[in-house]
Amino acid sequence: MKGWGSLSRRGRAQGGLGSARPQILKLLMQPSELRHLLETFGYLVAKQGATAVLGLAYWALATHLFSARDVGLAAAASSTAFFLGAFGALGIPLLLLAEIDSLPAAVRRVTFSTGMYISCLAVLILSLVTLALSPFLGENLSIIGADPATAALFVIGSVATMATITFDSAAIGLHRGSAQLWRGSLSSVLKLAIVSILVLAGIRTAPGLLFAWALTLAFSLFCIPMLRLEPTPAGEGNLSHRVALARRYGVLSLKHHILNLSINSVFYIVGLVAAILISPRQLAYFSTSLLVESTAMVIPYLLALSLFAEISGDQSLLHRHVRRTLPFGLALCGAIVLVVEVAAPLILRIFGPGYVANGTTALRLLVLVGPGYVMKDHYVAIRRAQGRLGHAAKIMAMGTCVEVVGAVLGGIYWGMTGLCIGWAVAASCEAVVLLPAVLRVYRRNPPAEPDPGGPAG
C-alpha cells in the first residue's frame, strides 16, 4: 500500500521494528473492513429477505385470487412505473448512497430532500407523458389510462416508487439499514392486508391491485424520520441553496445515472418489452417467473451493492473486498441456479397450477441470467470505486443494447420463451467480455487509472 514501503525501509534502519508495522496495521484494519462490509450486507439481506417473503406471499395471494389477465395487467403497470423510475432517477439515489454519509450532518436533510424532490418531479412528468401515450402502447398498458381513478393510481404509484428508491439508497448510505428494513416490511404487510380486504369486498380486478400497490408505497414513506436526519439550519433550505446543491452535484449525479441506466435499466426494459410483445396471461406467467428469479438472485447482487457502499478511492481496499465478494457471489449464484433448475415446478406451485404449467420453462431460462450479472455488478462497482464512470457507462450502454436486442428478437420470433433465451444468451456473452477487467482487480492491487470518459465530477 502506498507509503508503506518507505515505512519498512525506515524500520529496517531503526532496528527492524518498522518492518512489522505495515503487517500489524493491515491485520488490525482488515477485520474492521470486513465487519463493515458484512454489516452493510447483513442489513441489505435482512431487508430483502423480509420483503421478499412478504412479497412472494402477496404475489401468491394475488395469483390464486385474481385472474392471470388481471395479474398481468397490474404487473404491466408496475413494471412501467419502475421503468420510469429508472429514467427519472437522474442518478440521485446512487449519489446519495455514495455521498450522503460523508456530508456534514447539518446539510444531509436538505441534500436528501432536494434529491427526492427533483427525482420525483422527473417521474411525475414521465408518468403523465406515459398516460398520454397509453392508448398507443398495446393492450397491457392501455389500462393505466382507462379511467381517471386508474390513471391517478398509476401516477401516485410511479412517484411513490421513485421516492422509496431514493429513501432506500439514502438509508444504505447512512448505514441506517433498519430504516430500509422497516419501510420495505411495512409496505409489504400493508399490501397483503389491503389485497385481503379487497378480496373480502369482492373486488378482484387489476385496478384493485394497482390501488394496493400505490397506496402502500406512499404510506411506507412515513418511515423517513427513521433516517434520523438533523434539522436543516435556518436559511439552508431555501430555493437558492437547493439550486446550488443541484449545480454542485449535477454532473456527478448524471454520470451515476448514465451508468445505472446502463446496468439496471435492462430489467425494466425487458419488463416493458414483455408487456408490449406478449399477451396479458403470458405476461402474468413471465412476471411471476421474473419475480422469483430476481428474488433468488438478489443476494449476489447485494454483495456487489455492499462493495460499492463500503469502498472509496482506496484501491487496496477495493482489491481486498473484491477478493471476498466475487468468489462468494459466484458460489452463491451457482448454487441458486442448480436449485432453481431442479425445483422450478415446486417453487411455482405456490402461485397455482397454471403458473407451473406455463412458467417453469421461463423460470429455468431466466435464472441463467444470474451468473452474468454477478460479473456485471462487480465490474460496475469496481469502475465506480476507480472513478471511471464515463468509461464504464459506455461499456454498459453497449452491453444493455445487446441484452435488449437479444430479448426483443427472441420475443418477436418465439414469444415468452424466446425472450428469456435471447436475454440469457446476451447477458452471458456480456459477462465474458467484462471478465478480464474484474480479474485484474481480483488478482492484484492496480494503480488508480484516469477516466477516459472524463473527470468523475
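**Figure 1. Packing of helix H3 against helix H8.** In this predicted model, H3 and helix H8 (residues 206-219) pack at an angle of about 40 degrees, and their axes lie 8 Å apart. That angle makes H3 oblique to H8. The two helices form a right-handed crossing. On the H3 side, the contact is made by Asp 70, Val 71, Leu 73, Ala 74, Ala 77, Ser 78 and Ala 81, and on the H8 side by Ala 206, Leu 209, Leu 210 and Trp 213. Sorted by class, the residues of this contact comprise nine nonpolar, one polar and one charged.

**Figure 2. Packing of helix H3 against helix H6.** Two packed helices are described by the angle between their axes and by the distance between the axes. For helix H3 (residues 68-88) and helix H6 (residues 148-173), the angle is about 45 degrees and the axes are 9 Å apart. H3 and H6 are therefore oblique to each other. H3 passes H6 in a right-handed crossing. From H3, the residues Ala 77, Thr 80, Ala 81, Phe 82, Leu 84, Gly 85 and Gly 88 take part, and they meet Phe 154, Ser 158, Thr 161 and Met 162 of H6. The residues of the contact of H3 with H6 include six nonpolar and five polar, but no charged ones.

**Figure 3. The second largest pocket.** The volume of the second largest pocket is about 240 Å³. Its lining consists of 14 residues, and Ile 92, Leu 95, Ile 118, Ala 246 and Ser 253 lie nearest the centre of the pocket. Two or more lining residues come from each of H4, helix H5 (105-133) and helix H9 (239-277). H9 supplies the largest share, with six residues. The lining of the second largest pocket has nine nonpolar and five polar residues, and no charged residues.

**Figure 4. The second largest cavity.** Rolling a probe the size of a water molecule over the atoms shows where empty space is left. A search of the whole structure finds two cavities of 30 Å³ or more. The second largest cavity has a volume of about 30 Å³. Leu 95, Leu 96, Glu 99, Ile 100, Leu 103, Thr 111 and Tyr 249 line the second largest cavity. Helix H4 (residues 92-99) gives the most to this lining, namely three residues. By class, five residues of the lining are nonpolar, one is polar and one is charged.

Notes. Residues numbered from 1 in each chain as written. Predicted model: local features only at pLDDT ≥ 70, side-chain atom pairs only at ≥ 80, totals over all residues. Heavy atoms only, no water. 1 Å grid on protein atoms, 1.4 Å probe; cavity = no way out; pocket = protein on both sides within 12 Å on 5 of 7 lines; lining within 4 Å. Points joined across faces, edges and corners; volume = space filled by probe spheres on them. Helix = DSSP H or I, 4+ residues; strand = E, 2+ residues; numbered from the N terminus. Nonpolar A, V, L, I, M, F, W, Y, C, P; charged D, E, K, R; others polar. Axes fitted to C-alpha atoms, helices over the stretch in contact; angles between N-to-C directions. Parallel < 35°, antiparallel > 145°, perpendicular 65-115°, else oblique. Left-handed = near helix turned anticlockwise from the far one by under 90°. Contact = heavy atoms within 4.5 Å.
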